[in-house]
Amino acid sequence: MKTTIALPAGLAALLLGASLTTGTAQASDDAECIAPAKPGGGYDLTCRLAANGLLETGLIEDPMLVTYMPGGIGAVAYNHVNGVRTDDPNLIVAASTGAAVNLALGKFGQYDASEVRWVGALGVDYGAIVVKADAPWQNLEELMTALQEDPTQVAFGAGGSVGSQDWMKAALTAKSADVDPRSLRYVAFEGGGEALAALLGNHIQVFTGDLSELKSQLESGDIRVLAALAEERVDGPYADIPTAAEQGYDVEWPIWRGYYMGPEVSDEAYQAWVEKFEHLAENDTFAELREARGLFPMALFGDDFDGYVKDQVAEFKQLAADVGLTQ
């Protein structure tokens with residue numbers, strides 16, 4: 001079965017105790033982005049994409065504050081925005097396909113996808129199946145053969161719990177080889193940075209991450225990417241990485257990098273951010289920044305992005321049922 005995610009067509013205590021340095025954003029230049037994870041990994045990259053892009057293109061005058069709010073793979077930050085900073089006009093929060101997956105699975109508590117204002121996406125990434133450079137598997141077929149022989153002998157790990165998008169990458173890849181995803185050994189981490197460190201430290205054997213997280217490790221020669229979960233090969237430093245599909249495993253997993261705001265943010269403030277991002281996406285300097293971070297073009301904003309995320313959440317609910325997470 002081909003699995004394709006199509007591109008455009010009791011937390012209160014945790015909230016109070018979360019380790020986070022926040023400002024009281026009142027002026028338009030007091031911009032802040034929350035990365036719902038520890039430093040390193042995709043959410044950090046997403047915040048810094050906006051922070052650096054907006055500053056270097058002159059769309060904001062003062063540096064954007066990037067803060068970290070790990071917990072529940074995004075749930076603490078989502079509940080924080082909905083319960084504490086509902087109308088902050090200067091706060092954006094990094095999100096991705098993984099947030100849509102968690103919303104579909106009900107992992108953000110009482111809140112669903114309609115509880116925030118989805119601002120836009122500035123780039124897209126693709127899932128990847130990664131091992132250490134000295135791993136015994138030279139390609140995806142060899143790894144799949146090992147899984148078919150005994151899936152309990154291979155330890156997967158990534159920045160998310162069972163049911164997260166990184167787990168789904170592993171689950172869907174295994175499923176494409178007729179391996180029951182529920183038989184996989186999987187170790188959950190708070191973010192991609194931790195999971196990659198665990199791979200390099202031999203604590204796990206396979207990391208199901210994103211291509212954009214891997215640029216520096218590719219250059220160092222410390223890892224081997226067995227497959228990119230893209231429709232076709234991508235350019236730049238990833239050009240030699242085969243897709244899963246070309247190796248006979250029909251799995252694709254694009255990951256958008258976007259942002260949301262609180263549910264009570266004014267239309268004026270919301271539209272101001274939409275327009276900032278629209279201008280940013282058209283800027284050549286930003287295109288270079290995006291490419292340097294291993295991301296590929298995606299420009300979807302305002303109502304179009306809002307509808308896209310909500311449609312995707314509905315799609316993921318069905319996908320969760322297909323891989324046995326829900327009934």
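**View 1. Trp118 and its contacts in the predicted model.** Leaving aside neighbours within four places in sequence, Trp118 touches Tyr78, Ala95, Leu103, Ala113, Trp256, Tyr259, Tyr260, Tyr270, Gly302, Phe305, Asp306 and Val309. The model shown here is predicted. Trp118 also belongs to the largest nonpolar core, which has 116 residues. Trp118, Leu211, Trp256 and Phe277 have the most contacts inside this core. Strand E4, residues 117-132, gives the most to the core, with 10 residues.

**View 2. Tyr270 in helix H9.** Tyr270 is found in helix H9. Is Tyr270 buried or exposed? Its relative accessibility is 5%, so Tyr270 counts as buried. Beyond four places in sequence, Tyr270 is in contact with Arg117, Trp118, Val119, Met261, Val265, Gly302 and Asp303. Asn90 is 180 residues from Tyr270 along the chain. Yet the C-alpha atoms of Tyr270 and Asn90 are separated by 9.3 Å.

**View 3. Helix H2 crossing helix H9.** Two packed helices are described by the angle between their axes and the distance between the axes. Here helix H2 spans residues 42-56 and helix H9 spans residues 267-281. Their axes come within 10 Å and cross at roughly 75 degrees. H2 and H9 are therefore roughly perpendicular to each other. Which residues make the contact? From H2 come Ala50, Gly53 and Leu54. From H9 come Trp273, Lys276, Phe277 and Leu280. By class, the contact of H2 with H9 has five nonpolar, one polar and one charged residues.

**View 4. Helix H4, mostly covered.** Helix H4 covers residues 97-104. How many of its eight residues are buried? The count is eight of eight. They are Thr97, Gly98, Ala99, Ala100, Val101, Asn102, Leu103 and Ala104. Leu103 is also one of the contacts of Trp118. After H4 comes Gly106, which has a positive phi, near 75 degrees.

**View 5. Arg85, a buried residue in a loop.** Arg85 sits in the loop between H3 and strand E3, residues 91-96. Its relative accessible area is 10%, so Arg85 is buried. In sequence, Arg85 and Met261 are 176 residues apart. In space they are 9.1 Å apart, C-alpha to C-alpha.

**View 6. Glu61, an exposed residue in a loop.** Look for Glu61 in the loop between H2 and strand E2, residues 65-68. With 64% relative accessibility, Glu61 counts as exposed. Glu61 and Ser266 are 205 residues apart in sequence. Their C-alpha atoms are 22 Å apart in space.

View 7. Most residues other than glycine have a negative phi, and most peptide bonds are trans. Ile73 has a positive phi, near 50 degrees. Ile73 lies in the loop between E2 and helix H3, residues 75-83. Is Ile73 buried or exposed? Ile73 is buried, because its relative accessible area is 15% and the cut-off is under 20%. Asn202 also has a positive phi, near 65 degrees. Asn202 lies in the loop between helix H7, residues 192-200, and strand E7, residues 206-210. At 57% relative accessibility, Asn202 counts as exposed.

**View 8. Confidence along the chain.** The mean pLDDT of the protein is 88. Of its residues, 91% reach 70 or more. Where does pLDDT stay under 50? That stretch is residues 1-28. For residues 1-28 the model has 60 contacts beyond four places in sequence. Where pLDDT is low, the predicted coordinates should not be read in detail.

Technical notes. Residues numbered from 1 in each chain as written. Predicted model: local features only at pLDDT ≥ 70, side-chain atom pairs only at ≥ 80, totals over all residues. Heavy atoms only, no water. Axes fitted to C-alpha atoms, helices over the stretch in contact; angles between N-to-C directions. Helix = DSSP H or I, 4+ residues; strand = E, 2+ residues; numbered from the N terminus. Parallel < 35°, antiparallel > 145°, perpendicular 65-115°, else oblique. Contact = heavy atoms within 4.5 Å. Nonpolar A, V, L, I, M, F, W, Y, C, P; charged D, E, K, R; others polar. Core = buried A, V, L, I, M, F, W, Y, C linked by side-chain atoms within 4.5 Å. Buried < 20%, exposed > 50% of the residue type's maximum accessible area, 1.4 Å probe, protein only. pLDDT = per-residue confidence, 0-100.
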